Each structure stands twice: as C-alpha cells, then as structure tokens.
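Welcome! Here is a short briefing to read alongside the sequence and the 3D view.

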Amino acid sequence: MIDIHEIYFITSNDHKVEEANRILSQFGICLRKSNIKKLEIQSNSLEKIVKYSALYAMKKLKSELIIEDSGLFIKKLNGFPGPFSSYVYKKLGCDGILKLMQNISDRRALFKCVVGYCSPNVKPILFCGICYGNISNEARGSYGFGFDPIFIPDNSNGRTFSELLPEEKDKFSHRGIAFRKFGLWYISNIAKP
Ligand code: IMP
C-alpha cells in the first residue's frame, strides 16, 4: 500500500490546490487547503514574499506546510503585473492587460511560480518554475483561471493555457515545473521509505 503524505497548503485559491494536487499525486503527496490567514509582504521578489509568508504561517500552524506565490511578468511592461498579478487581475482582468498591450508588437511574457515548503524541523526551502510565452491578441479558451486565456506558452502550437487540457497545461506550466521539483525533493529527502 502506498502512503499518502498530507501537507497543508496555505492559499485561498481553489484552482491552485487543484493544479498542485494533480501534479503531486504522482509523488504520493496530497495538499490540504488551510484557510489560516496568509500574510503577504509587498516586494518585487516572489522568493521574499514566499519565505516571509512561510515563516509567519509556521508560527501559527506548527506543521508541515506549503506556500505558493506566482505572477505574470510582461517584458514590454517592465515585468508588470509581476507580484501584483492577483490585485491587477481583480481590478483589470484579462481585458485590461490586452488594452495595455494594444499596439505593442513584442508580446513576450513569462509566468513564474515559487513554491515554499517548511516544517517545524525544516527552514523554508524554495522551488521555482518559469514558463516562457507570449500575450495573445485576444482571450481564447475555457479551461483554467486568471490570465490563462491570454497567455500562449512556447511550444503549444499557438494555443493559450485556457485552450490546453488541464494535464497539458501542467506539462508546460510554471506551477507544474515548481511542484514537480518540490515533489522530487520531498520523496528523496523527507518521505524516504
Ligand atoms: P497569488 O500567487 O495568489 O498572489 O496570485 C497570482 C495571480 O497571478 C493569480 O491570481 C492569477 O491572476 C495569476 N496567475 C498565477 N498563476 C496563474 C496561472 O497558472 N494561470 C493564470 N493566472 C495565473
């Protein structure tokens, strides 16, 4: 029988929990959403935000936990919205980004995800995933969440994240890359048989 390792995931975003669990199931890891308040400092660095949030959550939870922060960085907008992606998505949505990108021909962008793990015995350790691509000219597709309808990852035959099946998105995505790194590390270092 395979042991399933349950770890708290401090987030309010159900989409992230669903994606992370799809990716981590191959490692025998299951994340359980915790609604304790996530403290987010303002910083340009996702790494700093995750480290700080992880230490803060550990004080409260005193148990193994995962924190994740991610963002969309658009080259010609000097990395905007970056760490402010969640706020910008709520205020402007995909349409707002498309408007900002009107008449801009260089549409290079990337999604970045930083996953932080810590436990009462392990200081925060970070795993990073980056997915390169372009901002589309219009929103397309129905899968996913957030900026998925306007992000075309490289090597997807021009399809946006929202036009890929969820399992296809996982192969390319920043979250897929970061959580697979975490899963491999966890089974080799923490969950050793
Ligand atoms: P946070 O990590 O909770 O601060 O939120 C990051 C924000 O970036 C989300 O609310 C989404 O708007 C956006 N985002 C992060 N990852 C993805 C993704 O995989 N697809 C689409 N949007 C994403």
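Which atom of the ligand does a polar side-chain atom of D148 lie 2.5 Å from? It is a nitrogen atom of the ligand. This is a predicted model, in which local features need pLDDT of at least 70, side-chain atom pairs count only at pLDDT 80 or more, and totals for chains, interfaces and linings use all residues. Residues are numbered from 1 along each chain as its sequence is written, and side-chain values use heavy atoms, with hydrogens and water left out.

**Around the ligand**

- The shell around the ligand holds 14 residues, of which K16, S70, D148, K169 and R175 come nearest (a residue is near if one of its heavy atoms lies within 4 Å).
- K16 has a polar side-chain atom 2.5 Å from an oxygen atom of the ligand.
- In the side chain of K169, an N or O atom is 2.8 Å from an oxygen atom of the ligand.
- On its own the ligand has 490 Å² of accessible area, and the protein covers 92% of it (Shrake-Rupley method, 1.4 Å probe).
- By class, the shell has four nonpolar, five polar and five charged residues (Asp, Glu, Lys and Arg count as charged; Ala, Val, Leu, Ile, Met, Phe, Trp, Tyr, Cys and Pro as nonpolar; the others, Gly among them, as polar).

**Elements of the shell**

- Two or more residues of the shell come from each of β3 (65-74), α3 (85-100) and α5 (174-189) (helices are DSSP runs of H or I with at least four residues, strands are runs of E with at least two, and both are numbered from the N terminus).
- The largest share, three residues, comes from α3.

**Salt bridges**

- The structure holds 17 salt bridges (a side-chain nitrogen of Lys or Arg within 4 Å of a carboxyl oxygen of Asp or Glu).
- One of them joins the side chains of K169 and E19, at 2.7 Å from N to O.
- K169 lies in helix α4 (residues 166-172) and E19 in helix α1 (residues 14-24), so this pair ties together parts that are 150 residues apart in sequence.

**Backbone details**

- From F80 to P81 the peptide bond is cis, with omega near 0 degrees, and P81 has its place in strand β4 (residues 81-82).
- K62, a residue other than glycine, has a positive phi near 50 degrees; K62 lies in the loop between α2 (46-61) and β3.

How values were computed
A polar contact is a pair of N or O atoms within 3.5 Å; within protein, one must be able to donate a hydrogen and the other to accept it, and residues adjacent in sequence count only if both atoms are side-chain atoms.
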